[in-house]
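Please keep the sequence and the structure in view while reading.

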Amino acid sequence: MPENYEPKIVAFFCNWCTYLAADLAGTSRMKYAANTRVIRVMCSGRVDPQFVLEAFAKGADGVLIGGCHPGDCHYQEGNYKALRRYYLLKRTLREMGIEEERFRLEWISAAEGDRVRTVVNDMVQKLRALGPRKMNPAIEPELEEVAAS
Amino acid sequence: MSEKAKVAFYWCASCGGCEEAVVDLAEKILEVSAAVEIVLWPVALDFKRKDIEAIPDGGIVATFLNGAIRSTEQEEMAHLLRRKSKVMVALGSCSQLGGIPGLANLWDRSAILEAVYKGSPSTVNPEGTTPQTAYKDNGRTPTLPMLYNTVRTLDQVVDVDYYIPGCAPAAKLVLDAVETLLSGNLPPKGTVLAPDRALCDECPRRDTRPDKLELAEFKRPHQIIADPEKCLLAQGLLCLGPATRGGCGGLCTKGNMPCTGCYGPTSRVRDYGGKALTALASIIEAKDDTDIEKVLAGIPDPVGTFYRYSLPASLLKRKTLEA
Amino acid sequence: MSVETTPTRRVTIDPITRLEGHGKIDIFLDDAGQVERAYFQVPELRGFEKFAEGRPAEDMPQITSRICGVCPSAHHMAATKALDDLYQVEPPPAGKKIRELFYNTFMAEDHALHFYFLGGPDFVVGPNAPAAERNVLGVVAKVGLEAGKKVIGFRRKLRDLMTLVGGKAIHPVLGLPGGVAKRITKDDQEQFRRVAGESVDFCLFTLDLFDQVVLKNSDYVNLIVSDTYTHRTHYMGTVDERNRVNFYDGKLRVVSPEGKELMKFPQNQYLDYVAEHVEPWSYMKFCYLKPIGWKGFVDGADSGVYSVAPLARLNVSDGMPTPLAQAAYEQFFATLGGKPVHHTLALHWARMIEMLCAAERMKELAEDPELTDPNVRKLPTATPKEGIGVIEAPRGTLIHHYQTDEKGLIRKANLIVATQHNAARMAMSVEKAAKGFVTRDKISDGVLNMVEMAFRAYDPCLGCATHSLPGSMPLFVRVRDANGATTATLRRDNDGSVRRD
Amino acid sequence: MSERNGIVRIGVYVCHCGTNIAAIVDCKAVAEYAGGLYHVTVSRDYKYLCSDPGQELIRQDIRDHKLNRIVVASCSPHLHEHTFRTAAEGAGLNAFYVHMVNIREHNSWVHENREAATKKAQDMVRAAVRRVVFHQSLEKVRVPVHPDVLVVGGGIAGIHAALTLANAGKKVYLVERQPTIGGHMAMFDKTFPTLDCAACILTPKMSSVKAHPNITLWAHSDVTKVEGYVGNYKVEVARRPRYINEDLCSGCLECIEACVYKEPKFIDEFNMGLGKRKPIYIPFPQAVPQMPLIDIDTCIQFKSGKCKKTCVQACGDRHAIDFSQKEEIRNIEVGTIIMATGFKAFDARRTPYYGYGTYPNVYTSLEVERLVNASGPTAGDVVLRDGRKPKTVGIIHCVGSRDEGTNRWCSRVCCMYSLKLAHLLKEHTDAEIFNFYIDIRTPGKGFEEFYQRLLSEGVHFIRGRVAEVTDWALDPTEENKLVLRVEDTLLGTVRRIPVDMVVLSVGIEPHEDAQDVRRLFNFGCGSEGFFLERHPKLAPVSTFTDGIFVAGCCQGPKDIPDTVAQAGAAAAEALALIDTGFVEQEPNTAYVIEDECSGCKTCVPMCPYSAVYFNADTKRAGIHQVLCKGCGTCVAACPSGSIKQHLFEDDQIFEEIEGVLTYA
């Protein structure tokens, strides 16, 4: 793995909990790794599996979804919808050769600024350990084979 | 003859079902063949590559190419025909989305050769022989073409103007497409020549789906006797109709079997599997992690289910293999 | 597979090896300019055995049907039978009958396709007729527009019936362990009854046509019985409890070149009798009889080489299950000098007899009152482990074999298709013809045509053979001199026309 | 894409926020980087963009450079999105062409490495620039606010809120579950620390509620259905029968006198079972409405139908008594709702080691409130259940509070009311009083002084959590006593204190049905079950559901002054909405492209607000724009991509994803 490898994490944060928790972490001047790129959504239930696939397809090393704790969803049950999609998508990704550690769903309430810090740091550390995403085998055949055929 | 519009048909990695779809035009085939001059159709006609090359670039009105791109030969023919054709039409699931041969993208070439020539219980192969692209047999060197590691859709190899979805495409779609192309007023480039609504719109069972359907479990087709009238999803079967483009008229659901998604996504969707996945996961009843896992056990093969026809066209395109 | 053709024909000369895409023959000459070796090759592979891994077993009938768009129904049915075995469940009577009805409909349709659209034209129109006419339109011209329309219409009606039962004619969806997905209504049955009747008449019409055009023409008959197209090999096919031809189910029977029963075994014991041999110069594997062993590309009782398909099925059986077909069967052997018939070209005739048989079976089943019984499926209860399904595809015995985990996900799949059983014999036919006729100074169309005809009779499905490519492939023949330089090439296309460089 | 969206001209503004951002993020570099991005016309960094000159700078650029998209990289949109949208509007640009990038809370304040922080800011700005290209002009949705208010709960909170609103001229519906309003406060004797009599300050407010022309009081009633949204709630109220016709009853209470039961003989709920009542009764003398009700479980007429009905005779020609009375359903429309449903006292049986329910002389604090109350069952005479007068009393604090086994939280009032009860018991009985406490918490006006006063009154304070209360005597001094075993953490020894009476200072809990209630009204609840305020500091009486406010102990334990203050605040919030006359909603609603919809109905169950519906005629889905709250769950669920969401369009989000990941 390259010496200065910094995993890129695309983070989808619910406007009402995790996004606010991240704001709180800021106002509390907590320090954590600069590897996340936060995309604000109104609810974790807005996160279309396509967004996650797109992120991985475009080279993200990890994807993090932050939503409200069960029972606390600002829209009552959007987070459950997210949870259900998460489990199925996680299994699909695993079968596509994307390690589990690369895709996470976390419940982080608006009050849990410190949790944003610990979750992001933990994920970054796990992704560093994993190293960069593996390369796919080349579409092109080996040269001598081309010559032969 | 030469007055007639030149049309070409060609196949790559496919099963021939798309040709059958054309044959299934039955009597209508005579009208078609009367209207156009078919300059290339390996499955039906002789042709010379020289003849195709002799045709000026763009001299062919339309080429209908079915099958995924799997080998050097297929890729080269795709490029040649693209050059010679005003319009390139990807015919059928394999050419549009990769199709079932696209499932090869879960492995690489060597894994497949291994399974076929060494893993098979009926194969007696003590020397571990595998077919060679260039085999030296005392002085003689019979050759075989080269298979790629990754199956690609036609538009990942050449520029594609239109698509006809389906495995196999409904004969009517093919006929309509030919007529549209001959009519001269062409739809916008990239159009999939089929309805742009999901299958439910055509499914006779739609009205039997409850307005607020939530599922306690998923069933596999062999586990229940499906009611012939009721919405199959409402019966717990993995019907992908909601995520799948219509145009077939619901042949499978009329056959009392769930839609498996061969017509691919609508024009608004970037990744068929992602949407098929959300269509099912969103309506699960369970709330707590272990219950959800239990329900999802009813989908034992997510990739094979959601990407059965579209793995090469998916955002991830293929499985990431150990380096 | 082939389809409609247009009056326009072109001479195909193609020196570029990349276009060898669909099946080819490499003929190598020695210094004396005599044929030293002829390789019959199949150049692609999709590897369905591998795709199957991890998929739910119940999806196999639909996934494996994509092996071939010409005979999807054969793969669909073989896979479905494998599921019965996998889940240890027997379909209820109506379920089994619907499967058989669907399958015989398909058999009749597919055989008709080959005779009228693929192989037939050569005979009906004549081998030496202008290529432009050697196609279904030529057939139409020859037999008259009415009959021609009848030909096309007949096939469409059968396809419509298949859609009615199978959901789709191309890649059907009816097969499930323990039965079928959908019952047959009284109305459906009525349609079947109507069409089945017409079908029998149509098949008789076709046999009569064959009789008029081929059997009444001594040139043809001589051609058929000529040594070039004769191989004394073993034959394998499925027979019922009275050793009559059965497409859907039964025991596998092998007869020796002398026509004696050599082996008879339950389909799920195929591994003890059938093995596959790998050659580095083709993607297709070559089957042989395991107890005898692989002795190379040679015929005779000591060689493991055998063949399947209509001729083989007639050779291994003691008769046909239906009266009209039985009569035709007797005439067949009477005319060709008794069992077994080793003449490759007799395949065409045998195919016609099977088509009649399928139509008669259709009629029987369509009249069966039990057909509309709503109970068409038995739910499986056993834990899946291993299942084998064997069916007689139009082109011969088709074997699907799956091993699964307890959840019913495929661990390992093994597929042996008709053309593989014939592969060795086909390669021999081709080489025999090549050696017999081709020399450096003597590479005429006629000669190559002979080579090509030896090949075409099998109606080979190389798509199936490699689980890769469709239908009966165009064939590419190349003649190379001792230095490997190409001296001549020739293409044989699905419709049977041959072009040379 | 620019073609698709007209000529796009983007202005990018990177805020230093003094040194808050600039100290870590190289704002200049970010601005320069942004300047090179496709579609960007102007790119600047500036010290304080939220300042007037900062906003003017943006407005000026919009005018000078014909900007039609604005990206502001500064603080959290939750802080200043409104500011910059307004600024843009000031220059004639639709507010929704503005997008904010959070490079302070999410970046400069949480990162230390300047290079990494700057890179992150650039990535985020690039994503925003790509995103805004797909923005469209949107109109805010204005919803009218119905002027009437529903107040749920008739305790001091509900009463105060109702009166405040009513006095401001608003029509109020006050719904109370019990037969009388007054809540827990009506049960108290005196209130700490001032020791003024609870009844004296409460009952006047109670009667003015009844008397107020703007207040409709429905006691003995339940809210059974709530539909709608801020400004337009439709509420169904079920009025349980009291078998007394409100319009006919004069409140003379002669019926009670006349009941065939000469003596009260049934458990009296209001007095915590310490007293008795008749089948026809009034909860307590000052109850409001001042009107009896009949308990059908004990009334002979209801049980056997063979009662002399002396009550009816007593009522005479007023005919106010109506045994056939049925539940009545009332439907009302209100614009705002104030939840003041109060609390439940901790059930002392959940701490069996304190012997409540086993030893007659173990009391809960509420029972003692009634015992010492002049209008209580004993007319303020403190006699134990065995008839004795206590000479020694032990008061155990924090029963059901600050306890892993029961409730974690501090109930805030127990220390003070324990001190109050200690004082009152001493006053009434001159007994020796022991307080057993963990900590004494007196954070309130006059609280600490009151504590000092108690100390001077000679009340004992023992620091330690009582382990158990038993009647096992180890020596003669303990005989016929209740013995409290406790570790005195100040002396560091285990002590046994024998007493005649034990008082358990029970804590405050949410009602058992709090979860059902908040679901009925559709707003949030904390994990412990208290109603969740929108923001603990900045929006303490708002909920996350617009138009619904909370007051009193349903939001969390608090004393009377805080409760009243909250009630006033809630009333003020409601008034603000009502007097504005409308609410503006963020136009982030989801919408169906009808022609693309297949009618698969996947979206319908996604919506908790019934905004998504299936139109049986067109066979297509649709979304009520006013009902949609903009979560986007249906958008993510739509399998054919036929549902879209303003401000969160798929294209916009895909652009952001690609934006943050493109290496440039």
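The side chains of D:Asn271 and D:Arg370 make a polar contact of 2.7 Å. This and every other value in the report is computed from a predicted model. A further polar contact, also at 2.7 Å, links the side chain of D:Asn271 to the side chain of D:Asp268. D:Asn271 is found in the loop between strand S13 (266-267) and strand S14 (276-277) of chain D.

Is D:Asn271 buried or exposed? Its relative accessible area is 7%, and it therefore counts as buried, since the cut-off for that class is under 20%. When neighbours within four places in sequence are set aside, D:Asn271 is in contact with D:Arg370, D:Gly376 and D:Pro377.

## A buried alanine in chain D

D:Ala340 occupies the loop between strand S18 (336-339) and strand S19 (344-345) of chain D. This residue is classed as buried because its relative accessibility is 5%. Apart from neighbours within four places in sequence, the residues in contact with D:Ala340 are D:Val152, D:Gly153, D:Ala157, D:Gly158, D:Ala551 and D:Cys554.

D:Ala340 and D:Glu176 are 164 residues apart in sequence, while their C-alpha atoms are 9.7 Å apart in space.

## Helix H4 of chain B

Helix H4 of chain B comprises 13 residues, 72-84. At 1.5 Å a residue it should span 18 Å, and the distance of 19 Å between its end C-alpha atoms agrees with this.

How many residues of H4(B) are buried? The number is 10 of the 13, so the helix is largely enclosed by the rest of the structure. Among the buried residues are B:Met77, B:Ala78, B:Leu80 and B:Leu81, as well as B:Glu73, B:Arg82 and B:Lys84.

## Where chain D meets chain A

The size of an interface is often given as the accessible area lost when the parts come together. For chain D and chain A this area is about 4,200 Å², with 59% of it on carbon and sulfur atoms. Chain D contributes 49 residues to the contact and chain A contributes 46 residues.

Four salt bridges are found across this interface. A:Arg40 and D:Glu81 form a salt bridge in which the closest N and O atoms are 3.3 Å apart. On the side of chain D that touches chain A, at least two residues come from each of helix H3 (77-90), helix H4 (104-108), helix H5 (114-132), helix H16 (633-637) and helix H17 (650-661). H17(D) supplies the largest share, eight residues. By class, this side of chain D has 22 nonpolar, 13 polar and 14 charged residues.

## Salt bridges in the whole structure

Over all chains, the structure holds 106 salt bridges. One of these joins B:Arg270 to D:Asp651, with the closest N and O atoms 3.9 Å apart. The pair crosses between chains, from the loop between helix H8 (251-254) and helix H9 (272-281) of chain B to helix H17 of chain D. B:Arg270 is partly exposed at 34% relative accessible area, and D:Asp651 is partly exposed at 29%.

Within chain C, C:Asp240 and C:Arg244 form a salt bridge, their closest N and O atoms being 2.9 Å apart; both residues are buried. Within chain D, a salt bridge of 2.8 Å, N to O, connects the side chains of D:Glu269 and D:Arg277. Here D:Glu269 is partly exposed, at 44%, whereas D:Arg277 is buried, at 8%.

How values were computed
Residues are numbered from 1 along each chain as its sequence is written. Chains are lettered from A and ligands numbered from 1 in the order in which they are written. This is a predicted model: local features need pLDDT of at least 70, side-chain atom pairs count only at pLDDT 80 or more; totals for chains, interfaces and linings use all residues. Side-chain values use heavy atoms; hydrogens and water are left out. Helices (H or I, at least four residues) and strands (E, at least two) are DSSP runs, numbered from the N terminus. Buried means under 20% relative accessible area, exposed over 50%, partly exposed in between (1.4 Å probe, protein chains only). Contact means heavy atoms within 4.5 Å. The expected span of a helix is 1.5 Å times one less than its number of residues. Buried area is the accessible area (1.4 Å probe) that two parts lose on being put together, summed over both. Ala, Val, Leu, Ile, Met, Phe, Trp, Tyr, Cys and Pro count as nonpolar, Asp, Glu, Lys and Arg as charged, and the others, Gly among them, as polar. A polar contact is a pair of N or O atoms within 3.5 Å; within protein, one must be able to donate a hydrogen and the other to accept it, and residues adjacent in sequence count only if both atoms are side-chain atoms.
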